[in-house]
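Hi there,

Here is the structure I promised to pass on to you. Have a look at it first, and then read my notes below.

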Amino acid sequence: MPNETNVNTGNSGEYFVAGELERRGFTVAVPMSNVKDFDILAINRETHEQFAIQVKTTGYKQKKWTLAKKNEELIGDNIFYVFVSLNELDTPEYHIVPSKVVADTIKESHRKWLETPGKRGQLHNDTNIRVFLDEEDVYYDKWSLLDFTLLDDRMLPKGIYFPIISFIPRLTGTEYGEVQPKRQTGDGSIENPYQMPYYTYSDVVCKFEEAVYKFEEKNLKEIREELFYCWVNCIVILNGIDRYGTGFKVGLKLSHVGIKKRF
């Protein structure tokens, strides 16, 4: 029989998610009885597109959620997980993740866990439990992913990611840049004002930024539909100057899944 606290936590998460979806332009239906593969049905009020939402909730201040082996097979373009952290009694946090990403991630992490010896060198016994983590906040508050669909990169030209993948070893352990000026020489007067701080990037970072934009422009033409991001198992986040505004932020996660805009 389910623990009462766990049931209350799960119900709270579902209602929080339902409220967020409603205020973000979705009409929401929460089934009165237990449904096998989803907790919430969400319909975009503008496009009428339907989404099956699986909600997983933790009551603690953590970014770790427990799933089961069956979640490795729960995959669909319009199936999404919303992982909720209730943060005890603080403001809840939401992590929105496509079902294929969840399935691939928990399958791979479980395989690695089985291959890794225990504290005493013993092999782990197989279990039905799976765990999903988002400690780097890759999917934190990414409600916008509901406007995108998964693209299997096997449909793309061979080697399409190489121009960007090649930067991973060059960026690993690299000093991205430094803040300037190193020493403030202004005194705040009209004649000698304070110098505003700025960031100078290393050569490899500048070349990486250029490669990302070239990749975007080239592939807009090659696959006709706009690639929003190419995602990978490791994330490179650079903060600086953005060609579209303030704060250059490139998230790069190269995997077997790309994401393209819905049209």
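This is a predicted model: local features need pLDDT of at least 70, side-chain atom pairs count only at pLDDT 80 or more; totals for chains, interfaces and linings use all residues.

Residues are numbered from 1 along each chain as its sequence is written, and side-chain values use heavy atoms, with hydrogens and water left out.

Let me start with the inside. The largest nonpolar core has 33 residues. By nonpolar core I mean a set of buried Ala, Val, Leu, Ile, Met, Phe, Trp, Tyr and Cys residues joined through side-chain atoms within 4.5 Å; buried is under 20% relative accessible area, exposed is over 50%, and partly exposed is in between (1.4 Å probe, protein chains only). Val-17, Leu-21 and Ile-53 have the most contacts inside this core. Helix 1 (4–23), helix 2 and strands 1 to 6 each give two or more residues to it, and strand 5 supplies the largest share, 6 residues. Helices (H or I, at least four residues) and strands (E, at least two) are DSSP runs, numbered from the N terminus. Leaving aside neighbours within four places in sequence, Val-17 is in contact (heavy atoms within 4.5 Å) with Ile-40, Ile-53, Val-55, Val-82, Val-84, Tyr-94 and Trp-143. A second, separate core of 11 residues includes Tyr-161, Val-204, Ala-211 and Phe-215.

Next, helix 2. Its 17 residues should span 24 Å at 1.5 Å a residue, and the end C-alpha atoms are 25 Å apart, which agrees; the expected span is 1.5 Å times one less than the number of residues. Ser-99, Val-101, Val-102, Ala-103, Ile-106 and His-110 of this helix are buried, and their cover includes strand 4, strand 5 (79–85), strand 6 and strand 7. Helix 2 (residues 99–115) also holds both Glu-115 and Arg-111, 4 residues apart, about one turn of the helix. Their side chains meet in a salt bridge (2.8 Å, N to O). Glu-115 is exposed at 53% relative accessible area, while Arg-111 is partly exposed at 36%.

How many salt bridges are there? The count comes to 13, taking a side-chain nitrogen of Lys or Arg within 4 Å of a carboxyl oxygen of Asp or Glu. Lys-63 is partly exposed at 23%, as is Asp-137 at 29%.

Finally, the two single residues. Asn-87, in the loop between strand 5 and strand 6, is buried at 8% relative accessible area. Glu-209 lies in helix 5 (residues 203–222) and is partly exposed at 22%.

Happy browsing!
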